[in-house]
Amino acid sequence: MPINLIITGVGGQGNVLASQIVGHAAVNKGLRITIGETFGLSQRGGPVSSHIRISHNRDYSPLVSPNKADIILGLEPLETLRIIPEFGNQNTTIIANSRAIYPLNVIAGDVDYPDTSIIKSFLDEFCGKVYWLEATGLAVELGTPILMNTILLGALCGIPDFPLQINDFQYALKDFFPESKLNTNYEALRLGKGLVENYNN
């Protein structure tokens with residue numbers, strides 16, 4: 001302890017909501033948690049990162065120290081890659097959604113988006129265990145792409161020694177979603193955990 005978790009993505013992906021759910025789950029379980037949000041461009045599509053520090057018995061400063069991330073949860077591949085030089089290390093566990101979201105300068109044709117296979121190769125080389133997941137595609141199969149977040153939260157539960165489990169997130173989700181949406185989110189959690197537990201590169 002602490003466990004240093006960073007959730008990174010782009011505006012509009014639900015990054016902040018995901019960090020709030022982790023926070024609720026941790027508090028409900030009696031853990032100590034601090035959360036720090038960092039934002040890039042204040043618009044949809046700008047980079048967003050949430051620093052989450054979880055402990056049993058003390059509060060820590062809200063931002064993870066350089067190269068001290070234990071787990072990086074990447075909602076978008078390029079944003080996952082960007083955060084590695086500052087916060088990753090050779091033991092960092094990566095859970096990365098493989099679906100790219102192209103920034104405006106890529107859409108405009110000013111720059112190229114790197115091939116996602118290159119991004120994965122870099123992560124494999126410079127970090128510890130990498131779980132490269134087709135979370136968005138699986139979320140669409142469940143009914144909506146926004147379930148990608150819940151799938152990735154479930155994936156955290158498959159990481160050895162992570163202090164939150166499926167039932168902790170299920171309890172926390174009741175504070176964020178109406179009852180009509182809970183069963184689908186519970187299924188997304190279970191799917192995400194299974195992806196990590198049965199993962200093969």
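The model is predicted, so local features need pLDDT of at least 70, side-chain atom pairs count only at pLDDT 80 or more, and totals for chains, interfaces and linings use all residues. Residues are numbered from 1 along each chain as its sequence is written, and side-chain values use heavy atoms, with hydrogens and water left out.

Start with the helices. Helices (H or I, at least four residues) and strands (E, at least two) are DSSP runs, numbered from the N terminus. Two packed helices are described by the angle between their axes and the distance between the axes. Here axes are lines fitted to C-alpha atoms, for helices over the stretch in contact, and angles run from 0 to 180 degrees between N-to-C directions. Angles under 35 degrees count as roughly parallel, over 145 as roughly antiparallel, 65 to 115 as roughly perpendicular and the rest as oblique.

Helix α8 spans residues 179–197 and helix α7 spans residues 166–173. Their axes come within 10 Å and cross at roughly 155°. Therefore α7 is roughly antiparallel to α8. The crossing of this pair, α7 and α8, is right-handed. A crossing is right-handed if the near helix is turned clockwise from the far one by less than a right angle, and left-handed if anticlockwise.

Helix α6 covers residues 148–156, and its axis comes within 6 Å of the α8 axis. The two cross at roughly 50°. That angle makes α6 oblique to α8. The crossing of α6 and α8 is also right-handed. Now look at the cover over α6. Nine of its nine residues are buried. Buried means under 20% relative accessible area, exposed over 50%, and partly exposed in between (1.4 Å probe, protein chains only). Accessible areas come from the Shrake-Rupley method with a 1.4 Å probe; for residues, only the protein chains shown count as cover. The buried residues of α6 include Met148, Ile151, Leu152 and Leu156. Asn149 and Thr150 are among them too.

Next, the charged pairs. Side chains of opposite charge can pair when their charged atoms come close. A salt bridge is a side-chain nitrogen of Lys or Arg within 4 Å of a carboxyl oxygen of Asp or Glu. The structure holds six salt bridges. One of them joins Asp168 to Lys29, with the closest N and O atoms 3.1 Å apart. Asp168 lies in helix α7 and Lys29 in the loop between α1 (15–28) and β2 (32–39), so the pair ties together parts that are 139 residues apart in sequence. Asp168 counts as buried, at 12% relative accessibility. Lys29 is partly exposed, at 41%.

Helix α8 carries pairs within itself. Arg190 forms a salt bridge with Glu187, the closest N and O atoms being 3.2 Å apart. Both residues lie in α8, three residues apart, about one turn of the helix. Arg190 is partly exposed at 43% relative accessibility, and Glu187 is partly exposed at 34%. Lys193 pairs with Glu197 in a salt bridge, with 3.8 Å between the closest N and O atoms. These two also lie in α8, four residues apart, about one turn of the helix. Lys193 is partly exposed, at 21% relative accessibility.

Turn to the strands. Ile52 sits in strand β3 (residues 47–55). Its relative accessibility is 0%, so Ile52 counts as buried. Ile52 and Ile95 are 43 residues apart in sequence and 15 Å apart in space, C-alpha to C-alpha. Thr8 is in strand β1 (residues 3–10). Thr8 is buried, with a relative accessible area of 1%. Thr8 and Pro77 are 69 residues apart in sequence, yet 9.4 Å apart in space, C-alpha to C-alpha.

Most residues other than glycine have a negative phi. Asn67 has a positive phi, near 60°. It lies in the loop between β3 and β4 (71–74) and is partly exposed, at 36% relative accessible area. Asp161 has a positive phi near 75°. Asp161 is in the loop between α6 and α7 and is exposed, at 73%.

Finish at the surface. Tyr102, Leu104 and Ile107 form a nonpolar patch with about 370 Å² of accessible area together. Patches are made of residues with over 30% relative accessible area and no salt bridge: like charges are joined within 9 Å, nonpolar side chains (Val, Leu, Ile, Met, Phe, Trp, Tyr) within 5 Å. Tyr102 lies in the loop between β5 (93–97) and α3 (104–107). At 48% relative accessibility, Tyr102 counts as partly exposed.
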